[in-house]
Amino acid sequence: MMPPPRVRPRGIEPSYEAVRAAQSGYVYARAPMLVYWELTRACDLACRHCRAEAVVDRDPDELSTDEAGALLHQVLAFGNPLPHMVFTGGDPLKRADLYELLEEAGRLGIGVSLAPSGTTLLTQEAVRRLRACGVQSMSLSLDGSASDRHDAFRGVPGCFEMTMQAARWVAEAEIPLQVNTLATEETAGDLPAIYDLLTSMRVERWSLFFLISVGRGTALREIAAGDAERLMEWLYGLSEQAPFAIKTTEAPQFRRVALARMHAAGLHSAGLDGAGVHNSSIGRGFGIRDGNGILFISRTGGVAPSGFLPLAAGNVRTASLVELYRASPLFTALRDTSRLRGRCGRCEFKAICGGSRARAFAHTGDFLGEDPLCPYEPA
Ligand code: SF4
């Protein structure tokens with residue numbers, strides 16, 4: 001399915017210093033590294049795969065400004081190193097109090113990244129204001145290499161051009177940019193062209209989200225396990241030459257693929273001893289998975305292991321965010337790799353991978369089951 005890797009000169013090193021600097025001190029049983037917060041379900045796009053099943057209007061039960069401010073103080077209670085927050089949606093720009101919340105996070109010393117939608121709300125003035133409010137990085141979604149493909153996924157004509165223009169404004173504002181791309185049967189053939197497009201832009205990281213059938217994503221087809229493995233092999237080859245970092249979302253087995261390739265290359269001849277592997281772009285993600293190093297807060301305050309695993313441990317309106325993460329049965333089970341089942345339970349890579357808990361749940365109803373995207377047969 002995938003073409004051979006294309007050779008690109010090594011370019012800018014990915015930054016995301018705030019996240020990386022904090023990573024070294026993280027113990028995931030104590031605090032997550034990343035807190036994804038769905039500020040709102042409102043969005044002016046109509047994406048075919050939307051996890052949040054976003055609509056134009058806000059949910060009347062969304063956290064109020066006061067409740068949102070209280071949530072930021074709850075994040076502070078994790079202590080140092082503080083988690084990094086990703087404000088997502090829907091479209092966070094649909095909340096009028098977004099800038100107020102960003103400023104409050106800044107006052108509290110919480111680093112924030114923003115995941116807006118590529119719509120007319122994302123103006124140059126908005127990007128500059130986000131920069132002034134201290135947004136540390138932004139992400140934009142590109143699911144096609146040209147307008148016809150991208151706009152078909154996003155459900156709004158002109159979305160591709162708006163996203164490309166927004167990417168230029170983000171670059172002008174010197175805000176590090178992550179581009180998110182959906183990996184499905186429908187997009188797989190276009191990924192090389194998307195990669196080529198990204199090499200002409202100022203991008204710090206390319207994140208490929210391997211579709212899970214939740215929300216409106218049930219209308220699209222997940223990549224089959226064997227094709228996913230070949231895609232990850234191709235991605236690893238790209239990552240060695242790409243002028244930006246490459247990561248996967250809800251496909252932690254990319255770490256197994258990468259580790260095998262690093263070993264095959266010869267750790268010493270490649271200058272990669274054990275510490276080198278762990279400090280590589282991919283190695284820094286070892287062990288992080290839904291509920292372990294990551295948590296998700298819904299628009300109404302529900303606390304889940306990720307946005308793709310629709311199980312809530314509790315709600316920040318009535319319970320302590322820190323306690324839910326550290327001590328709830330859901331989160332403690334997810335952090336205990338000895339409780340994994342099926343091939344993930346027997347796998348020698350489970351400590352660094354552990355499979356997508358969200359995909360296991362979506363396919364089997366067992367959030368500790370094996371990840372069907374992975375074809376690996378443990379010894
Ligand atoms: S079997 Fe599970 S833990 Fe092992 S590499 Fe595959 S997804 Fe990861």
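Mentor: A residue is buried if 20 or more other C-beta atoms lie within 10 Å of its own, and exposed if 12 or fewer do. The model discussed here is predicted.

Trainee: Does Phe153 count as buried or exposed?

Mentor: Phe153 is part of helix α5. There are 24 C-beta neighbours inside 10 Å of Phe153. The cut-off for burial is 20 or more, so Phe153 counts as buried.

Trainee: What distance separates the C-alpha atoms of Phe153 and Leu220?

Mentor: Along the chain, Phe153 and Leu220 are 67 residues apart.

Trainee: How is α5 oriented relative to α6: roughly parallel or roughly perpendicular?

Mentor: Helix α5 covers residues 147-154 and helix α6 covers residues 159-172. Their axes come within 7 Å and cross at roughly 105°. Angles of 65 to 115 degrees count as roughly perpendicular, so α5 is roughly perpendicular to α6.

Trainee: Which residues in α6 meet α5?

Mentor: The residues of this contact divide into two nonpolar, two polar and three charged. From α5 come Ser147, His150, Asp151 and Arg154. Their partners in α6 are Cys159, Phe160 and Glu161.

Trainee: Which residues have the most contacts inside the largest nonpolar core?

Mentor: That core has 103 residues. The residues with the most contacts inside the core are Met85 and Phe210.

Trainee: Which residues are closest to the ligand?

Mentor: The ligand is surrounded by 14 residues. This shell divides into six nonpolar, three polar and five charged. The closest are Cys344, Cys347, Cys353, Gly355 and Cys374.

Note on methods. Residues numbered from 1 in each chain as written. Predicted model: local features only at pLDDT ≥ 70, side-chain atom pairs only at ≥ 80, totals over all residues. Axes fitted to C-alpha atoms, helices over the stretch in contact; angles between N-to-C directions. Helix = DSSP H or I, 4+ residues; strand = E, 2+ residues; numbered from the N terminus. Parallel < 35°, antiparallel > 145°, perpendicular 65-115°, else oblique. Contact = placed C-beta atoms within 7 Å. Nonpolar A, V, L, I, M, F, W, Y, C, P; charged D, E, K, R; others polar. Core = buried A, V, L, I, M, F, W, Y, C linked by C-beta atoms within 7 Å. Near = placed C-beta within 6 Å.
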